[in-house]
Structure formats: C-alpha cells, structure tokens
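Here is a short report on strand pairing and ring contacts. Look over the chain first, then read on.

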Amino acid sequence: MAYPVMFNPFFLFMSLSILLIHLPVHQAVNGGFSVKLIRKNSTHALSQHLMDTKQTNSYAYLGQHLLELSIGTPPVKIYGILDTGSDLIWTQCVPCLNCYKQLDPLFDPKKSSTYTDISCQSDKCHLLIAPACSGENTCDYTYGYADSSVTRGTLASETITFKSSTGQPIQLNKIIFGCGHNNKGTFNDHEMGIIGLAKGPTSLISQIGSSFGGKKFSQCLVPFHTDISISSKMSFGKGSEVLGDGVVSTPLVNGQIGTSYSSLYFVTLQGISVEDTRFQISNNPQTLSKGNMLIDSGTPPTVLQQQLYDQVFNEVRKRVPMSPITDDPDLGPQLCYKTSTNLKGPIITMHFEGADIKLTPIQTFIPPKDGVFCLAFTNTSNGETGTLGNFAQANFLIGYDLEKDVVSFKPTDCTK
C-alpha cells in the first residue's frame, strides 16, 4: 500500500505494497518465455496443456504467506512472500553484500545455466523509472516497500519451474526477476524474497498469464498460526477460476493511470456490519469514492478509516461478553481478551460492491501469544485508502481475473 501503517508489537508485520515516494517503481515487458511441455505447432498439445492447471504451494509463517517457486537450472526452491500489493519477483542472491539472515541457502546465479543479466541497453532496463547501470553493464534495480524495507540488486531473467495439477513439471523461460544483493527490512529467516502478484508487467501473473489461458489466479490462504508443514494451493491461468455455490464477486477498480496505484487491486467498500448492526462508510466524498479498499496479501491486519474503525471496535467490544485486557503494555490500545480457547466473537460482514464477505472469529481475532486473542483490525486516517489484509483473507478461495476486472470469494477450509 501507499502509506506506512503503525502497529503495536502484535502488529509488527510488514506491509509489502509498493512505496510511492522516493523509490522508483520498476517495469519490464514479457521476456518471451516458452513452455517446454508444448510443441509450438501442436494445437492439440496446447489444448491439453490448458486443461492442466498450473499450481504451486503456499505456507503461513509469522503473519505472512510464503509462495514456493523453483528457479534456475537445475531448479532451486525459493520461498517468497506472496504479495498482491507489489510487482517485482526477487530473491536474495550470492554475493549478498548486506542481507538479512535466511535459513535456506542463497540463490547462486553462477550455478544456474539459464541465468542471464539484463543489460543497460535492454528495452526492459529502459522501462525503469530510474534505471541504474553497473560497471559490468548490467541493469540495477532499487525497490522499496511501505515499511521501509528495500531490495537492491541486478535485474535478470531466469527459468521458473512449477507443477501442473497432474503433477507434470512446467518450465517457463526468461522470467524477469530481481537478484537481490543488498536487502534489508523486517524479513524473517524463512522469507527468501518477495513474489509480486500485482498487475505491473514484472509481476508473476503478468509474465505467465498469456501462456496459461489468461491473466487470472486464485489463492487459498490458511489461517494465522497454521502449522508451516500444512500447505495450500495457488493456481494460475485457465482452471484457476473460482466457481460454484457460495461465490460472490466484486469489481476491481483501476488505480490512477501512470502511478504505482495503477497496478494494485482496489475494490469498493460500502460499509461493515457487526452481527446485525451496520455502519456505512463516512459521508466524506473521498472515502465514498470507488476503489476505497486495497486487497493486499502482504499486509496482515485489515486497515479501516478511523471513523469506521472506531465504530467497529466499540461494537465488537459490546458484543464480546468478556472484559478486555487493559494492563498489558505489549498490547497497547488493541482490543484483546484472555481466553484458553478460541474466542467466540461476533460475525463481521464486509459489504463490498455486489459482494458481502462474512468474517468469522478465525479471520478477525488473532492470537499474538498463548491465551490472548486480539482484534485483527487497525486504523488509518479518514481520507486514506483502507486495506483488506491477509488475516481476513484466510479460509477464502479468492480468484483474481485481470481480464474481466473482478475478484471473487468463496468460503473454503484452506487447510484441506
């Protein structure tokens, strides 16, 4: 998202959307990758291939969701933060001059036969707002996020390997990514980089969509504190559509063309209900405008404009038949309760244009420590854009169709 969000220690999770000031947003075109499983002159092979949904695994860890990709030749697994709020795919690379610690080995481009630096003269490099050129004539990038995390490195192309729903490997060549040699921020040791899934041309979905039946994908995020050994599937292209009973859809609203907003997923929030009590969006014309809510898998809590947040906070407090915690300095002003079992809180309904999303306590109350559950919402000023964070997105099969400009939700147990 376009603004920093301040949290107490419980919410010290990173917001991984594009930083709109100071640092450039980088762009690149589709690198002409091919799908090795398909003969170019075989229409039958293409139709058969499109019946096999392209998939990969995602895992929950410390408030973020890690997407598994295999990169290079031979393939090396990386686990990057699944981020619908940014465009760049990047991972930490050898040599890492100033990098955060990670458990798995860094990606070594010298060990891959398909790694290629992008030159300063390349059209891909010149699409950057502020390209830099190294002494080796390679295109360098700098990419920043709203929590002040930054990655710097070399723009390159590589082969990425996925599996189809039939279990067959699928290799896509010349995928643009950032080989990060200088990375800092609030990353933990399981996070090897970020997989940008917004609409910009360097995002994963923009680069692979045309080879798999369209720019569309679906995700199913497991709830917070799910064991990291439990994975869920993320699907791309034809076959990833969210269909069937219980599906609701809301239109995507395009951000301002020519800005970083243009690549993000905005929807229109009309109000929120706590059980049967409904609160409308403020009469402020700015907050009533189309596209007043960002869907961002890289931001854990849901962020509401101050007035709406206060109304929801007070109503939830009235509905929970317990006394909130008021004497824990680690929790600050958050609405938290002590309980040895999952909190039985009210149903909170997000009223989007054309789609009501019902959130249960597993999506709205998060345990920051044993025996404590806190409301997973926070606030921003009344004039700012809100955010539907990944806590609230858990246990929904969510489908993004970039060609129809629509996002769909279906309640689903994502752990199964």
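Over the face of which ring does Lys54 lie at 5.3 Å from the ring centre? That ring is Phe212. Lys54 also lies over the face of Phe162, at 2.6 Å from the ring centre. Here a charge sits over a ring if NZ of Lys or CZ of Arg is within 6 Å of the ring centre and within 35 degrees of the ring normal.

This is a predicted model, where local features need pLDDT of at least 70, side-chain atom pairs count only at pLDDT 80 or more, and totals for chains, interfaces and linings use all residues. Residues are numbered from 1 along each chain as its sequence is written, and side-chain values use heavy atoms, without hydrogens and water.

**Rings.** The structure holds 16 aromatic pairs (Phe, Tyr or six-membered Trp rings with centres within 6.5 Å; planes under 30 degrees apart are stacked, over 60 edge-to-face, the rest tilted). Two of them are tabulated.

| Pair | Centre to centre | Plane angle | Class |
|---|---|---|---|
| Phe217 and Tyr265 | 6.4 Å | 65° | edge-to-face |
| Phe352 and Phe409 | 6.5 Å | 5° | stacked |

Phe352 is in strand S20 and Phe409 in strand S27, so their pair ties together parts 57 residues apart in sequence. Both are buried (under 20% relative accessible area, 1.4 Å probe, protein chains only). Phe162, Phe217, Phe236, Tyr265 and Tyr400 form one aromatic cluster.

**Strands.** Strands are DSSP runs of E, at least two residues, numbered from the N terminus. Two strands pair if DSSP finds at least two bridges between them. S8 and S9 are antiparallel over 13 bridges. Ser157 has Ile176 in S9 as its bridge partner. S4 runs parallel to S9, joined by 3 bridges.

Definitions and conventions
Helices (H or I, at least four residues) and strands (E, at least two) are DSSP runs, numbered from the N terminus. Buried means under 20% relative accessible area, exposed over 50%, partly exposed in between (1.4 Å probe, protein chains only).
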